[in-house]
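The sequence and the model are shown first.

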Amino acid sequence: TQESYRDAYGRMLTADRQFARNTVNQLWKEMFGVGLVEPLNGFDLSKLDTQPSNPQLLEDLTTELIRNGFNLRGILRTMAVSSAYQLSSTYTPGAWNETWTPYFARHYPHRLPAEMMLDAVAKATNVPLAITVQGIGTVTRAMLLPDPLESRRSGSGIWLDEFGRGDRDATARTSDTSISQALSLMNNTIVTSRVKRSKADSTLNKVLAGTTDPGTIVDQLYLATLSRKPTSGERTQAINYLTSGTLANKAEDLQFVLLNELEFLFD
C-alpha cells in the first residue's frame, strides 16, 4: 500500500535523532525552567559534547524517548521522579552562586503556563470550568482546549490571553508577568466567584461544612491552595485573622489571599 504523506513525514522526522534530542530539551525546560541546551533553538550539532550543560544526561534521555516510542508521558515521568526535580528552590548548603544554574543544584521556580494557571484556580477552589468549544461541547479543563484561539472573547479566553498563552502563529507563548495578570487574580470573577461558601461543593463550602475550628480551616485551605501546610507563623497569623470577625467571610478572604500569593503562580 502507498504510504500517506503524513506517515512518511512522521517516519522521516522521528528517524533523525536530533528530533528526539530537541524534544527532550524542550520538555526539560518546561519542567525545570532552564534547558540542557540554551537557547532552545541554538543547538550546534558539532558541539554536542560541550554545548549541553550535561551532555550524557541529554543523550540518555534522548535514547529513552526513542526506545519508548516517543512516549511523552513516560519521559515526563522520568524527569518528575528524578532527584533534580525533587530539590527545594532554596539552596541550604550555603550562599547560591549564579554560575551553578546550568547544573540544577536547586529547583528553579517558573510561572505556570496560562492554561495550567486557570486549571489550578479551578482545582484549588473545587469549582470546575465549563468552556464551550464549537464541535466538541463543554470542556472542563483549559489544558484540554484543542486550539489556543478557542474562546478568545469569553472570560476564560481573556484570562488565558492575559497570562500569555499565545496562538502558535503570530503571538509566541510567554511566561512574562504583567499588571493585567495581578488585576485578574484580584478582581476577575474566575477567582472571586469561586472563593465563596455559597458556591455549592466549593472548597470553602466543604471546609466550613466540616469544621468551625480555625486551625483546621487554615490547614485545609493551605493544603487545597498551596499544596502544603502553613508554617507556624503563617498558621498563627491566619488563625488570628479568622477569629477577628465572621468566620465564613474571613475564610473566603484567606483563600483569596492564598490564590494571590506568588507561590501559587509558580512551580
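Pro39 is placed in the loop between H2 and H3; helices (H or I, at least four residues) and strands (E, at least two) are DSSP runs, numbered from the N terminus. A cis peptide bond with an omega of about -5° joins Glu38 and Pro39. The model is predicted: local features need pLDDT of at least 70, side-chain atom pairs count only at pLDDT 80 or more, and totals for chains, interfaces and linings use all residues. Residues are numbered from 1 along each chain as its sequence is written, and side-chain values use heavy atoms, with hydrogens and water left out.

**Backbone features in loops**

Asn126 has a positive phi of about 60° although it is not a glycine. This residue belongs to the loop between helix H5 (114-125) and strand E1 (131-133). With a relative accessible area of 32%, Asn126 is partly exposed; buried means under 20% relative accessible area, exposed over 50%, and partly exposed in between (1.4 Å probe, protein chains only). Ser227, likewise a residue other than glycine, has a positive phi near 60°. Ser227 is found in the loop between H10 and H11 and is exposed, its relative accessible area being 64%.

**The surroundings of Ser202**

Asn126 is also one of the residues in contact with Ser202. Ser202 lies in the loop between helix H8 (189-192) and helix H9 (203-210). Is Ser202 buried or exposed? Ser202 is buried, because its relative accessible area is 0%. When neighbours within four places in sequence are left aside, Ser202 is in contact (heavy atoms within 4.5 Å) with Thr125, Asn126, Val127, Arg194, Lys196 and Arg197. The side chain of Ser202 reaches the backbone oxygen of Lys196 at 2.9 Å.

**Salt bridges**

Side chains of opposite charge can pair when their charged atoms come close. The structure holds ten salt bridges, each defined as a side-chain nitrogen of Lys or Arg within 4 Å of a carboxyl oxygen of Asp or Glu. The table lists examples.

| Salt bridge | N to O distance |
|---|---|
| Glu59 and Arg17 | 3.0 Å |
| Glu59 and Arg21 | 2.9 Å |
| Arg228 and Glu263 | 2.6 Å |

The side chains of Glu59 and Arg17 meet in one of these bridges. Glu59 lies in helix H3 (residues 55-67) and Arg17 in helix H2 (residues 17-32), so this pair ties together parts that are 42 residues apart in sequence. Arg17 counts as partly exposed because its relative accessibility is 29%. The side chain of Glu59 also meets that of Arg21. Here Glu59 in helix H3 is paired with Arg21 in helix H2, so the parts tied together are 38 residues apart in sequence. Both Glu59 and Arg21 are buried.

Arg228 forms a salt bridge with Glu263. This pair links distant parts of the chain, 35 residues apart: Arg228 is in the loop between helix H10 (214-226) and helix H11 (232-242), and Glu263 is in helix H13 (residues 262-265). Arg228 counts as partly exposed at 23% relative accessibility, and Glu263 is partly exposed with a relative accessible area of 35%. Which residues do salt bridges with shared partners join into one network? They are Arg17, Arg21 and Glu59.

**Aromatic pairs**

A pair of aromatic rings is described by the distance of the centres and the angle of the planes. Rings of Phe, Tyr and Trp (its six-membered ring) pair if their centres lie within 6.5 Å; planes under 30 degrees apart count as stacked, over 60 as edge-to-face and the rest as tilted. By this rule the count comes to eleven aromatic pairs. The ring centres of Phe104 and Tyr108 are 5.8 Å apart and their planes are at 40°, so the pair is tilted. Both Phe104 and Tyr108 are buried. Trp159 and Phe163 form a stacked pair, with 4.7 Å from centre to centre and 25° between the planes. Trp159 counts as buried at 0% relative accessibility, and Phe163 is buried with a relative accessible area of 0%.

Phe104 and Tyr108 also belong to one aromatic cluster, together with Trp28, Phe32, Tyr85, Tyr91, Trp96 and Trp100.

Technical notes:
A polar contact is a pair of N or O atoms within 3.5 Å; within protein, one must be able to donate a hydrogen and the other to accept it, and residues adjacent in sequence count only if both atoms are side-chain atoms.
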